[in-house]
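Okay, thanks for letting me jump in.

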Amino acid sequence: MKAKNIKSKDKHILNLADIVGGASSILYQKEDLLAYDCDGFTIHRHLPKAVVFPKDTQEVADVVKYCAENDLPFLARGAGTGLSGGAIPLNGEIIISMVRMKKLISVDLENRRAVVEPGFVNLKLTNSISDKGYYYAPDPSSQYCCTIGGNVAENAGGAHCLKYGVTTNHILGLEVVMPNGEIIEIGKDGIPDAPGYDLLGLITGSEGTLGIVTKITVRILKNPEGKQTVLAYFDNVEDGSQAVSDIISAGIVPAALEMMDKTAIEGVEAAAFPVGHPKDIEAVLLIEVDGIAAGIDEQIEQILEVCRMRNVREVRAARNEEERARWWANRKTGFGAMGAISPDYLVQDGVIPRSKLPEVLRRINQISEESGLRIANIFHAGDGNLHPLVLFDARIPGESERALEAGSLCLKVCADVGGTITGEHGVGIEKREEMRFVFTEDEIAAQTEIREVFNPRNLLNAGKLFPSPSRCVEIKKEMKAQAIS
Ligand SMILES: Cc1cc2nc3c(=O)[nH]c(=O)nc-3n(C[C@H](O)[C@H](O)[C@H](O)COP(=O)(O)OP(=O)(O)OC[C@H]3O[C@@H](n4cnc5c(N)ncnc54)[C@H](O)[C@@H]3O)c2cc1C
């Protein structure tokens, strides 16, 4: 019995402690659990029953088997940076934390792949291979702390995903603990387009509702030969967003094409990494091109020409790597920077066709005026992935609800112009109801049937991703079950 020193009489706490190796691998007291009552979506808070810290796949499988046999709800947690509430224990779950499973298992430069444990932090992978001339492309702004397991669950994106694709384009194989405790491997040898259904694609982005990822084989890339980064300042948002559309229509694919509006600029300039953006500017574009060194200058010249046609006020090219890194720090810490100008903020995550940028930004502005809440926009403009940041003060009664309402209206605008309600942060609990903006009841029901195949008792991360079924869908299901029996 390893569970000595446990100050609980709860048999499940004692048994789980036994599975993961004792008192130092489990939290169960209220003061410890408070740190796990939410993730980056801080509006909802719920305490878990316990948090366990397995050290390997077998311990994860044993915990899952125990939970399944004892009807205990459970979920996986990486770094807890998710912005849609995916790691929030809505049902008093046992949280299975991945932070002790953080090894870089192997690097195979010849075949350009690496194998990591799920708790391995995203940026550490690039840092571990950069001296050999390689990197891992998906670069969420949270990459200095989020885990690759969490990235797989959310199909995370990032600034450079415009050219290189999101997480799913870089996953070659997964080891997964199924909700009954069985351990399976998919895409073992990284064979492209292997026969059978694309289970890698299905698990990636399933928001921790189909299984727990315990090992990941990823693709790694050779560093580009050349790189150049520019900042372009515009006196109105319309010109800035038209420039984005024009750059892509001209056939140029920058590695990154990011935009911030005036409120966002106020935030980033007030926070830890100011770069001296002009205070009166309405929009800034951060544009990076990379590839074969010989073509870089030509692409930059084409981009500058497009910006000039759209009345750019000023363009600056990074003079050295230090300046470039500073610009990226200014952009990548943009969400947190909102804390410098607002006590609270809600990050939204809609996608729109790029050509609709000016119209959508105008409508978001209207939502801001009507709600009486400021909305900053920091986003991956090149792929139409918007992040309206609704600024509010949770201490003022009713303001959190107004922020949620304003965020939801922003997503409705995205859906109405032919876009969708999430580009990279997932649905979680935050956007469950908004799924109805883009799917019919039948389409939602069909997706929940997929979940039931993998997670039939819904003990794993229940209450996420889908809205509660309408009565009409429930009746259809009952009729189907009766017809089968
Ligand atoms: C400042 C900031 C900037 C951000 N910028 C970006 C960005 O640019 N792009 C982007 O895509 N996201 C961004 N995010 C969101 C977040 O960082 C990503 O969603 C990230 O992938 C979450 O990783 P995590 O380790 O924190 O996962 P967690 O938050 O711990 O978990 C997220 C979800 O994944 C599930 N999960 C975690 N680990 C596993 C596992 N091993 N197996 C199965 N399911 C698992 C959880 O149950 C939960 O549903 C940002 C967040 C912050 C706070």
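Let me start with a quick one: is R313 buried, partly exposed or exposed? R313 comes out as partly exposed, because its relative accessibility is 38%. The cut-offs there are under 20% relative accessible area for buried, over 50% for exposed, and partly exposed in between, with a 1.4 Å probe and protein chains only.

Some housekeeping before I go on. This is a predicted model, so local features need pLDDT of at least 70 and side-chain atom pairs count only at pLDDT 80 or more, while totals for chains, interfaces and linings use all residues. Residues are numbered from 1 along each chain as its sequence is written, and side-chain values use heavy atoms, with hydrogens and water left out.

R313 makes a salt bridge with D235, and the closest N and O atoms are 2.8 Å apart. By salt bridge I mean a side-chain nitrogen of Lys or Arg within 4 Å of a carboxyl oxygen of Asp or Glu. Where do the two partners sit? R313 is in the loop between α10 (293-309) and β15 (314-317), and D235 is in the loop between β12 (226-234) and α8 (237-249), so this pair ties together parts that are 78 residues apart in sequence. When I say helix or strand, those are DSSP runs, numbered from the N terminus: H or I with at least four residues for helices, E with at least two for strands. D235 is partly exposed too, since its relative accessibility is 40%. And there's a network here: salt bridges link D235, D280 and R313.

How many salt bridges does the structure hold? The count is 28.

Let me pick out a couple of others. K103 pairs with E117, with 3.7 Å between the closest N and O atoms. K103 is in the loop between β4 and β5 (104-108), E117 in the loop between β6 (113-116) and α4 (122-129), so that bridge ties together parts 14 residues apart in sequence. E117 counts as buried because its relative accessibility is 8%.

Then there's E282 with K262, another salt bridge, at 3.7 Å from N to O. That pair links distant parts of the chain, 20 residues apart: E282 is in the loop between α9 (262-270) and β14 (283-291), and K262 is in helix α9. E282 is partly exposed at 28%, and K262 is partly exposed at 35%.

Okay, the ligand. Which residues come nearest? There are 34 residues around the ligand, and A76, G78, T81, S142 and T147 come nearest of those; a residue gets into that shell if one of its heavy atoms lies within 4 Å. By type, the shell splits into 13 nonpolar, 17 polar and four charged residues. β3 (74-77), α5 (148-154) and β10 (212-219) each supply at least two shell residues, and α5 gives the most, with five.

Now the N and O distances you'll want for the ligand. A backbone N or O atom of G86 is 3.1 Å from a ligand oxygen. A side-chain N or O atom of N151 is 2.9 Å from an oxygen atom of the ligand. V213 puts a backbone N or O atom 2.9 Å from a ligand nitrogen. As for cover, the ligand has 980 Å² of accessible area on its own, and the protein covers 96% of that; areas come from the Shrake-Rupley method with a 1.4 Å probe, and for residues only the protein chains shown count as cover.

E93 lies in the loop between β3 and β4 (94-97), and E93 counts as buried because its relative accessibility is 0%. T42 is in the loop between α2 (30-33) and β2 (50-52), and T42 is partly exposed at 39%. From T42 to L346 is 304 residues along the chain, and their C-alpha atoms are separated by 8.6 Å.

How values were computed:
A polar contact is a pair of N or O atoms within 3.5 Å; within protein, one must be able to donate a hydrogen and the other to accept it, and residues adjacent in sequence count only if both atoms are side-chain atoms. Ala, Val, Leu, Ile, Met, Phe, Trp, Tyr, Cys and Pro count as nonpolar, Asp, Glu, Lys and Arg as charged, and the others, Gly among them, as polar.
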